Amino acid sequence: MATILIYTTTWCGHCERAKALLDAKGLAYEEIDLDDDPAFRATLLERTGRWTVPQILVDGRPIGGYTELWCLERAGRHSAGILWRFDERAEERVEQEGQHQERRDQARGAARAQQPRERAAAVLEVAAHGDTKATVVTKQGLRLDLRVVPPEDYGSLLQHFTGSKDHNVALREEAQRRGLSVSEYGVTAVETGEVHRFESEAELYRFLGYTFIPPELRENGGELRAARDGGLPALVEPGDLVGELHCHSTWSSDGKGSIEEMAREAKRRGYRFLALTDHSHYLREGRMEAQWEEIAAVNERMKPFRVLRGVEANIRADGSVDVAEEVLAELDWVVASLHAAFDRSPTERILAAIDHPHVDCIGHLTGRKLNKRPGADIDVERVVARAAETGTALEINSQPDRLDLRDVHARLAAEAGVLVPVNTDAHSTRALGYRDLGVAQARRGWLTKENVLNTRPWREIAKLRA
Ligand SMILES: [Zn+2]
Ligand SMILES: [Zn+2]
């Protein structure tokens with residue numbers, strides 16, 4: 001019987017096509033939805049060891065969050081239709097059906113890759129293929145490595161290709177000292193030649209004397225020692241977040257959702273509050289006050305859900321923020337961000353904003369845009385120290401092309417006692433889903449629920465800012 005697990009997200013329609021295909025073929029499957037099922041992560045974690053798609057490599061590196069790939073979100077879309085752990089028969093049947101599908105996902109791409117002449121529509125090039133392996137390049141430029149292994153070797157394979165390289169090298173070296181050789185096929189006792197095979201990563205780590213190391217921590221950044229001593233942090237989970245502290249509505253010209261639409265979507269996602277932080281320059285000449293009226297009306301309709309009066313103020317070249325003091329004093333939540341002149345003393349400007357009594361949080365610290373522009377050259381240690389001193393939050397901005405703070409800086413901030421909200425900076429209802437990218441970033445930075453500000457109810461956050 002085929003065991004097929006579909007990992008779906010609201011980002012794409014691959015899953016719908018995959019389901020239709022499976023239904024038509026009478027294949028059994030189980031559906032897990034990233035957005036709606038609160039048990040999703042537990043289930044997927046249990047089944048696959050993670051809630052991302054690590055056995056797929058993008059440009060030779062695993063998707064799943066060890067590096068700050070701008071293509072995470074795009075990769076997420078591409079992985080959405082992948083059929084997990086399909087057995088040979090299912091693969092065969094999927095492959096046959098694949099010819100009739102309008103768009104093919106990578107699972108079918110893989111199956112089809114073995115017949116290069118009839119390759120799947122999403123696949124631009126089959127770089128290599130064999131009985132159990134294929135490498136394909138999609139039209140979007142993603143390079144995907146696909147492997148088929150028996151279930152009893154799945155853990156070893158997954159661990160091996162999940163990386164990072166530094167982590168695996170350190171892991172192998174430690175094992176070697178104890179006469180064990182670790183590879184993608186299992187762990188071999190060098191002396192006897194006995195091979196131990198592992199269906200799950202957890203079993204592999206346990207065998208080597210570690211607690212399970214979440215993939216996000218596998219960077220050889222102290223995680224092996226911590227896992228041996230039982231000192232790994234309990235990383236923040238997407239479900240721990242209860243509110244949003246940086247997002248935009250149609251009051252910003254680039255916003256696509258009304259205040260109420262943003263609030264309803266946040267509520268649907270299980271949030272209890274949302275700080276609306278439209279750009280300050282769209283809220284001049286009475287528009288701020290008009291927005292407050294709309295917020296009040298939405299709050300009336302949506303009780304007990306709470307929309308907070310916020311703003312994303314711009315940090316000017318001289319370090320001041322572009323919203324009047326008396327307005328700032330009326331706001332529930334003030335984000336201050338650099339948006340221009342990144343080369344003009346960015347550290348000093350950020351420090352000045354942190355010192356501002358009404359600024360609660362610094363938005364997207366460096367202002368980087370992945371694959372487009374490097375961030376401002378910020379002295380992060382000084383910024384973190386001052387933020388800790390003043391109780392100013394430093395957000396992780398979850399936009400796929402930002403992911404700013406970067407992981408090492410988030411870790412630095414948390415270690416210094418800075419509270420780090422994970423914010424989406426959503427300009428549309430859909431973009432509230434970027435949360436998971438930000439949470440992945442937070443996890444790479446070793447952040448726990450405690451370290452992440454918006455895991456707290458609003459009244460606690462309000463108390464902290466008082
Ligand atoms: Zn911004
Ligand atoms: Zn913003």
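Biologist: Where is Ser345 found?

Modeller: Ser345 sits in the loop between E15 and H13. Those labels are DSSP runs numbered from the N terminus: helices (H or I, at least four residues) and strands (E, at least two). This is a predicted model, where local features need pLDDT of at least 70, side-chain atom pairs count only at pLDDT 80 or more, and totals for chains, interfaces and linings use all residues. Residues are numbered from 1 along each chain as its sequence is written, while chains are lettered from A and ligands numbered from 1 in the order in which they are written.

Biologist: What is the phi of Ser345?

Modeller: Phi there is near 30°, a positive value in a residue other than glycine. Ala341, also no glycine, has a positive phi of about 50°, and lies in the loop between strand E15 (333-337) and helix H13 (346-355).

Biologist: How many C-beta neighbours does Ala341 have inside 10 Å?

Modeller: Ala341 has 13, so it counts as partly exposed. Buried means 20 or more other C-beta atoms within 10 Å of a residue's own, exposed 12 or fewer, and partly exposed in between, with C-beta atoms placed from the backbone. Ser345, with 15, is partly exposed.

Biologist: Which residues are buried in helix H15?

Modeller: Here is the general idea. An α-helix has 3.6 residues a turn, so residues three or four places apart point the same way. In H15 (residues 407-415), the buried ones are Asp407, His409, Ala410, Ala413 and Ala414. They cover an arc (of the directions from the helix axis to the C-beta atoms) of only 160°, which puts them on the same side of H15. Just after H15, Gly417 has a positive phi of about 90°.
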